[in-house]
There are 2 protein chains.
Amino acid sequence: MGLDEAAQKPHDRLSAWLAADMEAVNLMIRTRMASEHAPRIPQVTAHLVEAGGKRLRPLLTLAAARMCGYDGPFHVHLAATVEFIHTATLLHDDVVDESAQRRGRPTANLLWDNKSSVLVGDYLFSRSFQLMVETGNLRVLDILANASATIAEGEVLQLTAAQDLATTEAIYLQVVRGKTAALFSAATEVGGVIAGAPEDQVQALFTYGDALGIAFQIVDDLLDYGGTSAVIGKNTGDDFRERKLTLPVIKAVAQADADERAFWERTIAKGQQAEGDLERALEIMARHGAMEAARADALAWVAKAKTALAVLPEHEIRGMLVDLADYVVARIN
Amino acid sequence: MGLDEAAQKPHDRLSAWLAADMEAVNLMIRTRMASEHAPRIPQVTAHLVEAGGKRLRPLLTLAAARMCGYDGPFHVHLAATVEFIHTATLLHDDVVDESAQRRGRPTANLLWDNKSSVLVGDYLFSRSFQLMVETGNLRVLDILANASATIAEGEVLQLTAAQDLATTEAIYLQVVRGKTAALFSAATEVGGVIAGAPEDQVQALFTYGDALGIAFQIVDDLLDYGGTSAVIGKNTGDDFRERKLTLPVIKAVAQADADERAFWERTIAKGQQAEGDLERALEIMARHGAMEAARADALAWVAKAKTALAVLPEHEIRGMLVDLADYVVARIN
């Protein structure tokens, strides 16, 4: 590997290695999101699909399939499937969260309306479903059906767990699997299944995606409180203001004394926040080592992800997936 | 058939004949809509699923499968699948239409919130998907995936076609297939497919469901303008007030003179409605025989539905399906 390559982010190296496959995926996405009869559909989807997301999920599917020696056509369908599911989820999330921006652009629900976001999301779900049925692989369908159910259940759970100080780490994990990890693990697992990989490799691909997704989300949680640097940046505290029970908060709540408990009750459960509360929250979390503990959890999930890869074939892609896992936590190192 | 039986509605006779199957479907629905982790889910779904809908779609699936001699377990999964898809669609529809009532009860979006309706709808879609995958029948999956896409596309089309006087009967048909007929035809078709019925019978079951669904929707359109009785009832004119391009209006618009055109422009396209406009709309439609023409269309679709049944096995259920088709238009006779 040359110096230039080593300097590239693992995600970009994967993209470069899988460039031809990704081009096929992008073409399939554009073709399948078209609607002969309802021009609103490509308007809404193009806005989102072409907004320059990282396409991490389809890359994971392609990577898994190629690493396991697949040379058929259906990894492209499956990669497009996971991207459609992801995009549909984003459309519905923006309605649920009443978001105004995504990836620095106005959201579809703001540009058009909530109706379009709900219905075009449904359309993308149904398109993703058609794509996966085309593979003719029942196991793949089973995996993606279960992932869809986990995603939907996690979203509802998040809705009811929000602002609830009784939220445990177990519930948090379930929500995170719904938000992120279930689609990551399905993306990698179906890549192995479509390639006809042996059972232990398929299981390892699931574990890799699951652990990567969880680590990814924990790191996001940490970054929202300024990472472990304790320096308050311009986006610091969004989760606090939105009263989200993220991992560092859950850890701090679990160890709270009466005073701190009252603080969390007021700011998170009741949402009565005042000047200086974010700083106090950071202090309390620091006192209990909550950020450090969450960071240790993220590192443990990354270690699990990398360990899982050991049973997979020696392959250039495998090294990139190891680096990708490290890169996820590098953001908080 | 005794006198009592003959007096029963065809739908109730089907329900009685298929009572044991329907009980299995109801049990499956209750079991599968449960969520261990997110209690909001069964709250929302129970509200809707147990609100006493007619369960017409699952009945159609059971009827088709039994008529074609099926005695395996999977018609129950498929019947539950179509009811879940239907319920999910209703949840999302109520968000899109901002409805306050459904079946005489407050809608879920009013009782809880739009968020719950969107996410629980997604949950039911994913559950329906798991149920159909369990049948292990790829053709059934293909049919239901295509029906889902038609439904979603039709909903978006309806959104953009609403209040647009350029809406043609062809576009109307597409919207109606999305709203109603695509799930009816999928419901009957998968019943035949799971039973391993010969190809001509499967095709006939599709045609029956499709034609029945279209007739059903046209009749609904007519009833909204008081049927053909020209008597204005208490719910008459909802579609007019909501500026919907339903079949009688489309037919009247197609024949409008300059004056009438201006009337439709003002009341439907621009939504400027005043006292007496509904009566004027009825007059214009009567002048062009628009209601009668729409009624003739409904009758033609019913005839098509009944004709299709001819290739199906002689069976008690077949007679009930013939009667069901007649019953759909009896509401406007």
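The model is predicted. Chain B and chain A together bury about 3,700 Å², and the contact draws 41 residues from chain B and 41 residues from chain A. Over all chains, a search of the whole structure finds 34 salt bridges, yet the count between chain B and chain A is zero.

**The interface between chain B and chain A**

- The size of an interface is often given as the accessible area lost when the parts come together.
- Of the roughly 3,700 Å² buried between chain B and chain A, 75% lies on carbon and sulfur atoms.
- On the side of chain B, the residues that lose the most area to chain A are B:Leu119, B:Phe129 and B:Glu153, which together account for 17% of what that side buries.
- Although there are zero salt bridges between chain B and chain A, four residue pairs are in polar contact across the interface.
- Four elements of chain B give two or more residues to the side that touches chain A: helix H4 (40-49), helix H6 (74-97), helix H8 (114-134) and helix H9 (138-161).
- H9(B) supplies the largest share of this side, with 15 residues.
- Sorted by class, the side of chain B that touches chain A comprises 21 nonpolar, 11 polar and nine charged residues.

**Helix packing in chain A**

- Two packed helices are described by the angle between their axes and the distance between the axes.
- In chain A, helix H6 (residues 74-97) packs with helix H10 (residues 169-194) at an angle of about 170 degrees, and their axes are 10 Å apart.
- Because of this angle, H6(A) is roughly antiparallel to H10(A).
- H6(A) contributes A:Phe74, A:His75, A:Leu78, A:Val82, A:Ile85 and A:His86 to the contact, and these meet A:Leu183, A:Ala187, A:Val190 and A:Ile194 in H10(A).
- The contact of H6(A) with H10(A) contains eight nonpolar, two polar and no charged residues.

**Helix packing in chain B**

- In chain B, helix H16 (residues 290-308) and helix H17 (residues 316-330) pack at an angle of about 175 degrees, with their axes 9 Å apart.
- H16(B) is therefore roughly antiparallel to H17(B).
- The residues B:Ala298, B:Leu299, B:Val302, B:Ala305 and B:Lys306 of H16(B) meet B:Val322, B:Ala325, B:Asp326 and B:Val329 of H17(B).
- By class, the contact of H16(B) with H17(B) has seven nonpolar, no polar and two charged residues.

**A salt bridge in chain A**

- Side chains of opposite charge can pair when their charged atoms come close.
- A:Asp297 and A:Lys251 join through their side chains in a salt bridge, at 2.9 Å from N to O.
- A:Asp297 belongs to helix H16 (residues 290-308) of chain A and A:Lys251 to helix H13 (residues 247-254) of chain A, so the pair ties together parts that are 46 residues apart in sequence.

**Loop residues with positive phi**

- A:Arg243 has a positive phi of about 60 degrees although it is not a glycine.
- This residue, A:Arg243, sits in the loop between helix H12 (238-241) and H13 of chain A.
- In chain B, B:Arg243 has a phi near 60 degrees, a positive value in a residue other than glycine.
- B:Arg243 is located in the loop between helix H12 (238-241) and helix H13 (247-254) of chain B.

Methods. Residues are numbered from 1 along each chain as its sequence is written. Chains are lettered from A and ligands numbered from 1 in the order in which they are written. This is a predicted model: local features need pLDDT of at least 70, side-chain atom pairs count only at pLDDT 80 or more; totals for chains, interfaces and linings use all residues. Side-chain values use heavy atoms; hydrogens and water are left out. Contact means heavy atoms within 4.5 Å. Buried area is the accessible area (1.4 Å probe) that two parts lose on being put together, summed over both. A salt bridge is a side-chain nitrogen of Lys or Arg within 4 Å of a carboxyl oxygen of Asp or Glu. A polar contact is a pair of N or O atoms within 3.5 Å; within protein, one must be able to donate a hydrogen and the other to accept it, and residues adjacent in sequence count only if both atoms are side-chain atoms. Ala, Val, Leu, Ile, Met, Phe, Trp, Tyr, Cys and Pro count as nonpolar, Asp, Glu, Lys and Arg as charged, and the others, Gly among them, as polar. Axes are lines fitted to C-alpha atoms, for helices over the stretch in contact, and angles run from 0 to 180 degrees between N-to-C directions. Angles under 35 degrees count as roughly parallel, over 145 as roughly antiparallel, 65 to 115 as roughly perpendicular and the rest as oblique.
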